[in-house]
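Good morning. Please have the model on your screens.

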Amino acid sequence: MSINFHSYFAEIVNAVSSKSKNNKVKIGAIIVNDDNVLLSSGYNSFVRNCNDDPRKLIHEKDIYIEHAEKNAIFNAAREGIRLKDTTMYCTWYPCIECAKAIIQVGIKHVVSLTEIEDCPIKWETSLIRGKQLLTECKVTTQYCQAPQGKPLGLEQTRVSM
Ligand SMILES: [Zn+2]
């Protein structure tokens with residue numbers, strides 16, 4: 001795949017992530033096929049049709065929020081789009097739960113726009129295990145530098161931007 005498509009998809013992931021109502025962490029994920037056609041997208045969000053009162057983000061985030069990567073998979077399912085042998089681009093490497101979903105639907109390649117060491121420390125273990133599981137289950141992973149000056153899911157990361 002040419003660098004031009006990497007940059008193009010990175011820009012789309014950033015645009016998708018900006019839709020998240022979580023002001024602290026904005027994650028995007030898109031799924032493309034071998035012809036570089038965009039099949040699905042998702043961002044970290046409240047589950048569909050629930051009351052999306054932002055106060056729920058404070059103490060009940062884990063109950064109401066679905067991750068960007070799984071939302072991209074679910075959005076494809078809603079439309080009957082097959083994801084076998086596709087590529088996912090995401091703001092961060094997927095967590096362990098999203099990694100399992102990626103493996104199970106047959107996504108074959110994952111491109112992260114952020115290195116794990118630049119993600120929040122509280123996510124580090126899950127992202128490392130997610131990446132390890134993807135590799136073990138024959139899903140290839142790759143880091144692709146995000147477009148310069150664009151957010152990487154957080155207002156502040158561990159490195160200056
Ligand atoms: Zn996840």
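Start with the contacts: of those in the protein with a separation of 6 or more, 64% are between residues 24 or more positions apart. Keep in mind that this is a predicted model. Of the 161 residues in the protein, 35% count as buried.

The protein has 6 helices and 7 strands. Reading from the N terminus, the order of elements is α-β-β-β-α-α-β-α-β-α-β-α-β.

Now the strand, E5, which covers residues 87–90. Which way do its residues point? Thr87 and Tyr89 point one way, Met88 and Cys90 the other. In a regular strand the side chains alternate between the two faces of the sheet. Are these residues of E5 buried or exposed? All of them are buried.

E5 has partners to go through. With strand E1, residues 28–32, E5 pairs in the antiparallel sense, over 4 bridges. Within that pairing, Ile31 has Met88 of E5 as its bridge partner. With E6, E5 pairs in the parallel sense, also over 4 bridges. Here Met88 comes up again, and its bridge partner in E6 is Val110. E5, H5 and E6 together form a β-α-β unit, and the unit is right-handed.

That brings me to the helix, H6. It runs over residues 121–136, which is 16 residues. From first C-alpha to last, H6 reaches 23 Å, close to the 22 Å expected at 1.5 Å a residue.

Which residues of H6 are buried? They are Leu127, Gly130, Lys131 and Leu134. Viewed down the axis of H6, these buried residues fall within an arc of 100°, so they line one face of the helix.

What do the buried residues of H6 pack against? They pack against helix H5 (96–105), strand E6 (109–112) and strand E7 (140–143). H5 and E6 are the elements that make the right-handed unit with E5, so please look at them together on screen. On the face of H6 turned away from the buried side, the exposed residues are Thr125 and Glu136.

One last point on the backbone. Just after H6, Lys138 takes a positive phi, of about 70°.

That is what I had. Questions, please.

Key:
Residues are numbered from 1 along each chain as its sequence is written. This is a predicted model: local features need pLDDT of at least 70, side-chain atom pairs count only at pLDDT 80 or more; totals for chains, interfaces and linings use all residues. Helices (H or I, at least four residues) and strands (E, at least two) are DSSP runs, numbered from the N terminus. The expected span of a helix is 1.5 Å times one less than its number of residues. A residue is buried if 20 or more other C-beta atoms lie within 10 Å of its own, exposed if 12 or fewer, and partly exposed in between; C-beta atoms are placed from the backbone. The arc is that of the directions from the helix axis to the C-beta atoms. Two residues are in contact if their C-beta atoms, placed from the backbone, lie within 7 Å. Two strands pair if DSSP finds at least two bridges between them. A crossover is right-handed if, with the strands pointing away from the viewer, the path from the first strand over the helix to the second runs clockwise.
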